[in-house]
Amino acid sequence: PPLLLESDPRGRRNTRRIIMASGIKDKVAILGMGCSAFGERWNDNAEDLIVEAFVEAIEDAGIDKSQIDAAWFGTGIEEQHVGKSAVPLSMALRLPNIPVTRVENYCASGSEAFRGAVYAVASGAADIAMAVGVEKLKDTGYGGLPQRGRGSVNDMFWANASAPGSFAQLATAYRAKHNVEAKDLKRAMAHISVKSHDNGSRNPKAHLRNKIDEDKVMNAPMIAEPLGLFDCCGVSDGSAVAIVTTPEIAKSLGKKDLVTVKAMQLSASNGREAQHNSWDGSHFVTTRAAAKRAYQEAGITKPREQVSLFEVHDCFSITELVTMEDLFISDEGRAVHDIMDGFYDADGKIPCQIDGGLKCFGHPIGASGLRMIYEMYLQMNGRAGERQRSEEPVFGMTHNLGGFPHQNICSLTIVGKEGA
């Protein structure tokens, strides 16, 4: 542990005191949040989407933008819409020349923006801070992530790798390790997709609001075996915003029943998965590492009993399945059974993707992490409309993953009512 040298009151000698990180539990409250409609927003540019989400957030917070001390701006593929700096955010919102920092961490860029804002408030560097995430991808013409340029060294950036192919390998590794029949895994993944579409159908801001059935999923075109069309999320246009402050300031502004941040943890691959054969390819090393720290920070000892809601990074249906084991909710090799038993359905014990998830709410890369927190915030405040959980949520957890199974960033956030 870090040590701090101090002089004793008489100044005669140095003494040692152990200084331990105490975490950020209940040090930061969410003052307001906003989220644009996600989808194919052909008539809007990135700035329009930012403004749409910001207007909702600033009205919800009940403050003027002049009261914001600093902002963090998350966007994953800046070449497509906003450029490489934070200036587009400051200009779009006419912020009063405050510090604005652009961050990027693959698909976890939105959570990274939130982490910056939360840490600024928790440290005392800012009284009120803002996190913004945006992505405008449908104009690129690609159903998934836009392709990189050809004819240069960039060709080797992700050599011989694709997102569907990499996550298909995750599925086959999981199946082999846990001796799961191919048909059983496929059926569980189909249940995940059907569930997410059903949840998304009740969300007015979701990109995809069409219900589907298991037969449609099972008979869909194959993308990368065993992942079919409905096992894969596409990309969207959209933006989300969070404004955070201390609980004391929130209360002074008249806020009650505060939603506070209980934990924020991030874990990055260190090469073990891609460069060492100790990893069997069936799980996310980073998720397990971050989850242990997040539960400890939040004071959660029995997550399967204590966590009320999950939003996880369901870029593919297999990702959601594996993640529920990596978050220590389902036992290893048992997520298939929990899924088929309806444990994660909207009316199940712990709903997962109650807003439709990446699969149906949509996946604008830089906004997704904040969108997940937005849903938790609405649920905690009883403002989720048709999809509102009848049982009052206590803890809500979001899992935002960027990259591939063998090389990724995992960002976890736990929120809940103050004092929980």
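How far apart are the end C-alpha atoms of helix 4, and what should its 15 residues span? First, the ground rules: I am working from a predicted model, where local features need pLDDT of at least 70, side-chain atom pairs count only at pLDDT 80 or more, and totals for chains, interfaces and linings use all residues. Residues are numbered from 1 along each chain as its sequence is written, and side-chain values use heavy atoms, with hydrogens and water left out.

**Helix 4.** I took helices (H or I, at least four residues) and strands (E, at least two) as DSSP runs, numbered from the N terminus. The expected span is 1.5 Å times one less than the number of residues. For helix 4, residues 163-177, that gives 21 Å, and the end C-alpha atoms are 21 Å apart, so the two agree.

Next I checked burial (buried is under 20% relative accessible area, exposed over 50%, partly exposed in between, with a 1.4 Å probe and protein chains only). Helix 4 buries Ser166, Phe167, Ala168, Leu170, Ala171, Ala173, Tyr174 and Arg175. Those residues pack (heavy atoms within 4.5 Å) against several elements, among them helix 5 (182-200), helix 11 (317-326) and strand 12 (395-404).

I also looked at both ends. At the start of helix 4, a side-chain oxygen of Ser162 comes to within 3.1 Å of the backbone nitrogen of Gly165. Just after the helix, Asn179 has a positive phi of about 55°.

**Helix 3 and helix 14.** I wanted to know at what angle helix 3 and helix 14 pack. Helix 3 (residues 109-123) meets helix 14 (residues 368-380) at about 70°, with the axes 5 Å apart. Axes here are lines fitted to C-alpha atoms over the stretch in contact, and angles run from 0 to 180 degrees between N-to-C directions. That makes the pair roughly perpendicular (65 to 115 degrees; under 35 is roughly parallel, over 145 roughly antiparallel, the rest oblique). Gly110, Ser111 and Phe114 of helix 3 touch Gly369, Leu370 and Ile373 of helix 14.

Which peptide bond did I note as cis? The one from Glu225 to Pro226, with omega near 10°. Pro226 sits in the loop between strand 7 and strand 8.

Phe328, in the loop between helix 11 and helix 12, has a positive phi near 65°. Its relative accessibility is 34%, so I put Phe328 down as partly exposed. Gln353 also has a positive phi, about 65°, although it is not a glycine. I found Gln353 in the loop between helix 12 and helix 13 (357-360). At 0% relative accessibility, Gln353 counts as buried.

Methods: A polar contact is a pair of N or O atoms within 3.5 Å; within protein, one must be able to donate a hydrogen and the other to accept it, and residues adjacent in sequence count only if both atoms are side-chain atoms.
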